[in-house]
Amino acid sequence: MERNPSGGTGPVHVPLGHIVANEKWRGSQLAQEMQGKVRLIFEEGLASADFYLSSKSCILYITEADVVAGHGYRKRLARFRNSAHLQGIIIVEKTHLSEQYFPAVQKFTVLDLGMVLLPVASQLEAACLITQLVLEQTREPSKNPFLRKKRSMLSEFSLVQTVQQIPGVGKVKAPLLLQKFPSIQQLSNASIQELEEVVGRAVAQQIHAFFTQPKRQQPGS
């Protein structure tokens, strides 16, 4: 594989249709599943992210082991969030082993840091998702006048996926909630009465509890 000549600090140059990946992913199932679909450039010492889709678009990947450990991922997430030049997505492995710890990761990522979180069941699923994101970016604006709209749709998709993970919501209620509360901030500030108008009292109470429960009840705090 090629190596990116940049030094791993500041914006990373990513050729169209490529992914710049942290060297630690070389030989992993995730990298192997993406090979042949997109070109991978491995680089040591990437400052903040695991995968760069462009100079400003990147992914931080939290493995099952990271989630179970319960604290190491927090520093990585905070550092990632503080990298002002990056616009990123957090991908988290939600498996049978890590499922019980997932709510803590979700709260820290979505509520404390205000970032988008997408759960995946395996590295195979993650590879498909990342490949899809890269292929969307390869479409030239001149050949795809709806590119800006598609990127907006991708952002909306990420937000819907995040809201779906809130207890009691799911695939049906998430779009309904976002029609009335178009951001995580607005949703978190909604009263039970306002939520009840959209999803009913029982689910409204679950959502309200999710956003109002103490955030410090998390592993590693």
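Predicted model: local features only at pLDDT ≥ 70, side-chain atom pairs only at ≥ 80, totals over all residues.
Local features require pLDDT of at least 70 and side-chain atom pairs pLDDT 80 or more, whereas totals for chains, interfaces and linings use all residues. Residues are numbered from 1 along each chain as its sequence is written, and side-chain values use heavy atoms, without hydrogens and water.

Two packed helices are described by the angle between their axes and the distance between the axes. Helix H3 covers residues 72-81 and helix H4 residues 102-112; they pack at about 20 degrees, with axes 11 Å apart. Helices here are DSSP runs of H or I with at least four residues, and strands are runs of E with at least two, numbered from the N terminus. Axes are lines fitted to C-alpha atoms over the stretch in contact, and angles run from 0 to 180 degrees between N-to-C directions. H3 is therefore roughly parallel to H4, a term for angles under 35 degrees. Tyr73, Arg74 and Leu77 in H3 meet Ala104, Val105, Phe108 and Thr109 in H4, where contact means heavy atoms within 4.5 Å.

The largest nonpolar core has 44 residues, and Val163, Leu177 and Ile207 have the most contacts inside it. Such a core is a set of buried Ala, Val, Leu, Ile, Met, Phe, Trp, Tyr and Cys residues joined through side-chain atoms within 4.5 Å; buried means under 20% relative accessible area, exposed over 50% and partly exposed in between, with a 1.4 Å probe and protein chains only. H4 gives the most to this core, with 6 residues.

Pro15 lies in the segment before strand E1 (18-22). Pro15 is partly exposed, with a relative accessible area of 28%.

Methods:
Parallel < 35°, antiparallel > 145°, perpendicular 65-115°, else oblique.
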